[in-house]
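Subject: Model for you to look at

Hi,

Here is the model I promised, with my notes below it. Please open it alongside the text.

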Amino acid sequence: MKPWRSPLAWTFAASLVLLLGVGGWLLTDPATSRSDALKTGGLAGGAIVALYALWLNDRRRRVEERRQDIERQRHELESQRAEQDRERVADERFAKAVELLGHAADQVRVGALHALAGLARNRPSYTQTVLDVLCSYLRRPFSFVRDNDSPDPKEDPEGERELTVRLTAQRLVTDLLPGRDDEGPAYDLDLTGATLEYFDLSGKLVGGLLLRYASLRSSTNFSGCRFKGRVYLTAAGAERGRLLGYFRCRGAIFESHAWFSGTSFAEDADFTQTTFAGKTTFKDAKFAKAADFTDVIVSTEIDLRRTRFEGQTDLRFASLPESVSLYNTRVLSEKDVQLPAGWAREELRDGEERIVAER
């Protein structure tokens with residue numbers, strides 16, 4: 001730009017013209033002194049300079065805003081690229097870990113499980129997917145049984161190693177679940193047909209839980225757990241619907257359906273102070289030993305049709321709904337059975353009794 005075309009040159013020219021014009025015009029007035037005419041002309045010229053300064057500052061501000069906007073867009077683009085890179089790395093880690101779950105070496109499989117859990121902790125959006133993969137691993141066929149009737153564990157080292165891997169998977173599933181009172185998503189677990197040992201969800205928040213036809217060995221602990229979705233333990237057990245080991249479910253909360261139909265409890269089952277807020281059924285369930293339902297709250301309906309209690313039984317619920325199904329609900333006459341008000345025992349043959357509602 002040529003100097004005579006610059007805004008600064010025009011500003012000074014206009015200021016000088018106003019100074020001379022206004023000053024000269026005022027000097028033609030006899031009542032105005034020379035000093036006053038110069039002051040007024042100087043103010044007029046200075047106003048032009050001030051307006052130019054304001055315009056210049058506004059231009060600088062707009063340039064700075066555009067620069068900041070371009071810088072912000074650049075940072076956003078860099079952040080998007082970094083996020084895409086992290087997503088790509090996470091996807092690669094996930095795919096590699098899943099691939100290693102099929103490795104022959106048990107230590108490699110354990111490492112893959114920990115890699116998946118670490119990915120879920122660093123990238124919460126992967127948590128449900130990682131839980132699905134861990135549950136899928138636990139659904140793999142597994143026939144090794146460590147009990148008094150099995151051979152020496154040393155005779156089946158591969159079974160022992162696989163059991164160690166599976167226990168690691170169970171622990172990681174539990175670790176990834178939020179606490180019972182935590183605010184956040186409730187994750188679903190699909191363990192249909194899974195083989196589990198010492199399965200412990202105590203004090204955790206769970207969405208839906210599928211344990212249909214699952215093999216539950218040693219002990220199972222749901223105490224203090226809160227289930228926000230539907231829970232199905234239909235025919236859960238290792239052999240023909242048998243739950244091998246103790247079943248602890250003290251103070252748990254089932255906010256939706258709770259299905260225990262067709263399940264046999266081989267050891268003590270403890271439901272003390274548990275809340276069933278949704279439809280609940282123990283239809284065709286069998287309790288081979290003690291069953292404790294003390295202070296249990298049932299809000300909607302409970303189905304006990306053809307339920308069989310063969311051990312010491314305490315059915316003194318804290319509250320019961322109007323809809324209770326008791327058709328052919330049986331207990332043994334020689335066992336100690338505690339019933340809620342309004343229920344009675346009716347003697348049958350072969351030392352059995354059935355529970356009926358008093359009229």
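This is a predicted model: local features need pLDDT of at least 70, side-chain atom pairs count only at pLDDT 80 or more; totals for chains, interfaces and linings use all residues.

Residues are numbered from 1 along each chain as its sequence is written, and side-chain values use heavy atoms, with hydrogens and water left out.

Aromatic pairs
The structure holds 26 aromatic pairs. Rings of Phe, Tyr and Trp (its six-membered ring) pair if their centres lie within 6.5 Å; planes under 30 degrees apart are stacked, over 60 edge-to-face, the rest tilted. The ring centres of Phe222 and Phe247 are 5.5 Å apart and the planes stand at 80 degrees, so this pair is edge-to-face. Phe222 sits in the loop between strand 5 and strand 6 (226-227) and Phe247 in strand 9, so the pair ties together parts 25 residues apart in sequence. Phe287 and Phe293 also pair edge-to-face, with centres 5.9 Å apart and planes at 80 degrees. Phe287 is buried at 1% relative accessible area. Phe293 is buried at 2%.

Sheets
Helices (H or I, at least four residues) and strands (E, at least two) are DSSP runs, numbered from the N terminus. Two strands pair if DSSP finds at least two bridges between them. Seven strands form an open parallel sheet, in the order 2-5-9-13-17-21-24. Its edges are strand 2 (195-200) and strand 24 (337-338), each pairing on one side only. Strand 5 (residues 215-221) runs parallel to strand 9 (residues 246-248), joined by three bridges. Ser219 has Tyr246 of strand 9 as its bridge partner.

Five strands form an open sheet too, ordered 3-6-10-14-18, with parallel pairing. Strand 3 (205-206) and strand 18 (297-298) are the edges. Strand 10 (residues 253-254) and strand 14 (residues 275-276) pair in parallel over two bridges. Phe254 is partnered by Phe276 in strand 14.

Helices
The axes of helix 3 (residues 106-122) and helix 5 (residues 157-176) come within 9 Å and cross at roughly 5 degrees. Axes are lines fitted to C-alpha atoms, for helices over the stretch in contact, with angles from 0 to 180 degrees between N-to-C directions. Helix 3 and helix 5 are therefore roughly parallel (under 35 degrees; over 145 is roughly antiparallel, 65 to 115 roughly perpendicular, the rest oblique).

Best wishes

Notes:
Buried means under 20% relative accessible area, exposed over 50%, partly exposed in between (1.4 Å probe, protein chains only).
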